[in-house]
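What does this chain look like when it is read from its overall make-up down to a single pair of helices? The paragraphs below go through it in that order.

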Amino acid sequence: MTKINLREQYPDFYKTDYIIEVPDEVAAVMKEHDRLEAAYRRRTYYHKAHYSLDRGDGIEYDALFVSMTPCELYERKVTMEQLHAAIAALPDKQAKRIYAYYFLGLTESAIAKNEGVSVASVSESIQRGLRNMETFLKNRL
């Protein structure tokens, strides 16, 4: 059994010395972790690297938040315009129900309750609207 001081491990939590005994394996893992943490800090200090997702820059941010190319941005814009045109070509009820279901995230039962109709009629209307949108987009493209 090895004695460790929890104040050294958790200085923000323990303000005074608090010594406990832990198995040797646990102490070895904690020591290895401390060694790796110190090596990481030395490496980032030496290379003046900043690895933080909070700041919005650095390696991790670039890896997770890939910016889109101009071609991809244009393609997304055209796709959205076509989608909005297809929704605008629908009858008013179908357009409102599809918007509520897909864009506002309402359930079919919530839409039915708000409109005072059955869930089956809302479901059928959404399916019919999607088929109409598909036909519109196929004819347009």
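Helices here are DSSP runs of H or I with at least four residues, strands are runs of E with at least two, and both are numbered from the N terminus. On that basis, the chain has 7 helices and 2 strands. The model is a predicted one. Along the sequence, the elements come in the pattern β-α-β-α-α-α-α-α-α.

The next step is the chain as a whole. It has 141 residues, and 18% of them count as buried. The accessible surface amounts to about 11,300 Å², with 56% of that area belonging to carbon and sulfur atoms. Contacts can also be sorted by how far apart the partners lie in sequence: among those between residues at least 6 apart, 33% join residues at least 24 apart.

Helix α5 covers residues 92-103 and helix α6 covers residues 108-115. Their axes come within 10 Å and cross at roughly 135 degrees. The crossing in which α5 passes α6 is right-handed.

Which residues in α5 and α6 meet? From α5 come Arg97, Ala100 and Tyr101, and from α6 come Glu108, Ile111 and Glu115. Sorted by class, this contact of α5 with α6 has 3 nonpolar and 3 charged residues, and no polar ones.

Note on methods: Residues numbered from 1 in each chain as written. Predicted model: local features only at pLDDT ≥ 70, side-chain atom pairs only at ≥ 80, totals over all residues. Heavy atoms only, no water. Buried < 20%, exposed > 50% of the residue type's maximum accessible area, 1.4 Å probe, protein only. Contact = heavy atoms within 4.5 Å. Areas by Shrake-Rupley, 256 points an atom, 1.4 Å probe, with all protein chains shown as cover. Axes fitted to C-alpha atoms, helices over the stretch in contact; angles between N-to-C directions. Left-handed = near helix turned anticlockwise from the far one by under 90°. Nonpolar A, V, L, I, M, F, W, Y, C, P; charged D, E, K, R; others polar.
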